[in-house]
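Subject: Structure handover

Hello,

Here is the structure we talked about. Please open it and keep it beside you as you read my notes.

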Amino acid sequence: MIVNTKIFGPIDVPEESIILFPQGLVGLPWLQRFVLIQEEGLEPFFTLQSVDEADFALWIVPSLFIDPEYAPPVDEIEIADLGDKNDILPMIIVWTEETDDGNHKTYANLKAPLLINPKIKKGRQVVIDKEEYPLKKDITAVVDGASTNT
Amino acid sequence: MLVLTRKKGEAIVIGDNIKIVVVSVSGDSVKIGIEAPADVKILRAELLEAVKDINVVAAKTMPHVKVKKGGEKPSILTDLTIKAKRKDT
């Protein structure tokens, strides 16, 4: 099927590549179908593109890249629909903000990871209600040349 | 919205198995106790709002960045990933 994307234009996506988030994203329950897009040279970063809203896309990265120790405590009940626990990959949302002096800072949301099981193509965004999991962790040091794409 | 007046120590029951108790009141703070089944997720509303706001902001300011420290993508993702190039900008 053809999916209209925010930064890649229309792309052809096999139906079986669609990842379902049955609950949607937190606060955005209608956003339930996504595709994972990889740009050459940008591994391990991905674009998570909404199938239903061309203008909605997130930049995500496996948690491993940001913190190899990242293992948020998640209630069993929240991942009950996500299949085998060992197949679940925490992906972290990354974004950029312009600072007052015109520079850019890049942040990662460690409080609300996207737990994705690639094998069954299902995901869920969970909220980790613990202080040591920040909503905005500055990761500017690991990326370069950021510019916003509003 | 249903609005009820409760005194310290009084409670409200929601459905069959959720109970909310007013534990104490001090100035404009109210301490609330909640009894609910383990599968009922309880979060402060402003936390969910904050997560939603970040979701929206992150979708608006998706960065064009170069990765300083590259990395392998987990092989489990290979079959799922669509390859694409950006439109000319």
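A:Tyr70 is partly exposed, because 16 other C-beta atoms lie within 10 Å. The cut-offs are these: a residue is buried with 20 or more other C-beta atoms within 10 Å of its own, exposed with 12 or fewer, and partly exposed in between, with C-beta atoms placed from the backbone. A:Tyr70 sits in the loop between helix 1 (63–66) and strand 7 (89–98) of chain A. Helices (H or I, at least four residues) and strands (E, at least two) are DSSP runs, numbered from the N terminus. Setting aside neighbours within four places in sequence, A:Tyr70 is in contact with A:Ser63 and A:Pro90. Contact means that the two C-beta atoms, placed from the backbone, lie within 7 Å. A:Ile120 is 50 residues from A:Tyr70 along the chain, and their C-alpha atoms are separated by 22 Å.

Some ground rules. This is a predicted model: local features need pLDDT of at least 70, side-chain atom pairs count only at pLDDT 80 or more, and totals for chains, interfaces and linings use all residues. Residues are numbered from 1 along each chain as its sequence is written, while chains are lettered from A and ligands numbered from 1 in the order in which they are written.

How far can you trust chain A? pLDDT is the predictor's confidence in each residue, from 0 to 100. Its mean over chain A is 90, and 95% of the residues reach 70 or more. Take care with residues 145–150 of chain A, where pLDDT stays under 50. The model has 22 contacts beyond four places in sequence for that stretch.

Is A:Leu82 buried or exposed? A:Leu82 is buried, because 20 other C-beta atoms lie within 10 Å. This residue, too, is found in the loop between helix 1 and strand 7 of chain A. Not counting residues up to four places away in sequence, A:Leu82 touches A:Ile88, A:Leu115, A:Asn117, A:Lys122 and A:Arg124.

Next, chain A as a whole. One helix and eleven strands make up its secondary structure. Its radius of gyration, taken over C-alpha atoms, is 15 Å, close to the 15 Å that the globule rule (2.2 Å times the number of residues to the power 0.38) gives for 150 residues, so chain A is as compact as a globular protein of that length. Of those 150 residues, 37% count as buried.

On to the core. A nonpolar core is a set of buried Ala, Val, Leu, Ile, Met, Phe, Trp, Tyr and Cys residues joined through C-beta atoms within 7 Å. The largest one has 42 residues, and A:Leu58, A:Ile60, A:Ile92, A:Ile93 and A:Val94 touch the most other members. Elements that each supply at least two residues include strand 4 (33–38) of chain A and helix 1 (45–60) of chain B. Strand 8 of chain A gives the most, with seven residues. Beyond four places in sequence, the contacts of A:Ile92 include A:Ile60, A:Ala108 and A:Leu110.

Last, chain B. Three of its strands form an open, antiparallel sheet in the order 1-2-3. Strand 1 (11–14) and strand 3 (29–35) of chain B stand at the edges with a single partner strand each, so one side of each has no neighbour in the sheet. Strands pair if DSSP finds at least two bridges between them. Strand 2 (residues 18–26) and strand 3 of chain B pair over seven bridges. Among these partners, B:Val21 bridges to B:Gly33.

Best wishes
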